Amino acid sequence: MARGKTISLFMMDAMPEGRVKCTYSMWKGIVYKIPRTDIGKCKDIAQVNYSGVYFLFGTDINGKEQVYVGQANSRKNGKGILGRILEPHKSINDWTEVVMLTTSDDSFGATEISYLENRFCNLAKEVGRYDVVNGNEPPLGNQSEELESEMEDAIDITKMMIGALGYKVFSPKRMPVDAKGSNEPVLYMERSGTKASGQRIPDGFVVFKGSIISKTTVKSCPEIAIKYRQKYINSIDKNFVLKEDLVFSSPSSAAAFVGGSSLSGNELWKTKEGVPLKELQ
């Protein structure tokens, strides 16, 4: 079993909506979460002017979460992370919050931040919860075996911190299923031409890639299902088959999305043996 971890969250403005500093004992890395409206308060924080990697978070016109992964080398431009994020970012103009990864001693060099930027960018793409709006894939750079191992440790800790700050950009959509089956089995839904599979997850319900959804919606279709169809419009092919795993707030919102009408997820999502979700609870 994985061992528990202790992360320290310091609310710099005495409120969770404000600036947050995140640290982990025995690690020199520091993660900051800064709302865009509070950027001006950070000029006197030495560490945000160091080298590091940053994540700009926002949403597109359809409400789809977006992230831009960037880097800043204080030794090269003299500005560090704060100076870099204040520059224009054409691919994500409307970002609302930034998460910065740096160190207490400004020890990230060009090789380290290039490696981290590349890995974080590709990890976010693999998970697929956010649209990664980087125009070009960052170069991986050249690093020794020892440095690569050290950076992978930093990545694991940073992913944990970013998740603790409320961003699921690195949280897998599916729950793992071992040879004996997990506590959250794969569930199935078939109704009026639809054929979908999915699973409960900690933040709701995921409908799997390859599921076939209703081509139409009825007048009684819940507003949330309509909004999800608008949000995920680019994830549905011309035959109304899902091109990727999609996350929903609940089993019922997932069922309504699939069926195009007001439906009870607790009744319609069933195990392969035909046991409805409501009985599993």
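Of the 281 residues in the protein chain, 47% are buried, where buried means under 20% relative accessible area, exposed means over 50%, and partly exposed lies in between, with a 1.4 Å probe and protein chains only. This is a predicted model, in which local features need pLDDT of at least 70 and side-chain atom pairs count only at pLDDT 80 or more, while totals for chains, interfaces and linings use all residues. Residues are numbered from 1 along each chain as its sequence is written, and side-chain values use heavy atoms, with hydrogens and water left out.

**Overall build**

- The secondary structure of the chain comes to eight helices and 11 strands, which are DSSP runs numbered from the N terminus (H or I for helices, at least four residues; E for strands, at least two).
- Along its principal axes, the C-alpha trace spans about 60 × 40 × 40 Å.

**Surface**

- The accessible surface of the protein chain comes to about 14,700 Å², and 49% of this belongs to carbon and sulfur atoms; the areas come from the Shrake-Rupley method with a 1.4 Å probe.

**Aromatic pairs**

- A search of the whole structure finds 13 aromatic pairs, in which rings of Phe, Tyr and Trp (its six-membered ring) have centres within 6.5 Å, and planes under 30 degrees apart count as stacked, over 60 as edge-to-face and the rest as tilted.
- Phenylalanine 55 and phenylalanine 120 form an edge-to-face pair, with 5.2 Å from centre to centre and 80° between the planes.
- This pair links distant parts of the chain, since phenylalanine 55 belongs to strand β4 (residues 52-59) and phenylalanine 120 to helix α3 (residues 110-127), 65 residues apart.
- Both phenylalanine 55 and phenylalanine 120 are buried.
- The ring centres of phenylalanine 248 and phenylalanine 257 are 4.7 Å apart and their planes stand at 45°, so this pair is tilted.
- Phenylalanine 248 counts as buried at 1% relative accessibility, and phenylalanine 257 is buried with a relative accessible area of 0%.
- Ring pairs also link Phe55, Phe57, Phe120, Tyr130, Tyr167 and Phe170 into a cluster.

**Charges over rings**

- Arginine 174 lies over the face of phenylalanine 208, at 3.7 Å from the ring centre, where the rule is that NZ of Lys or CZ of Arg is within 6 Å of the ring centre and within 35 degrees of the ring normal.
- The charged end of arginine 229 sits over the ring of phenylalanine 257, 5.5 Å from its centre.
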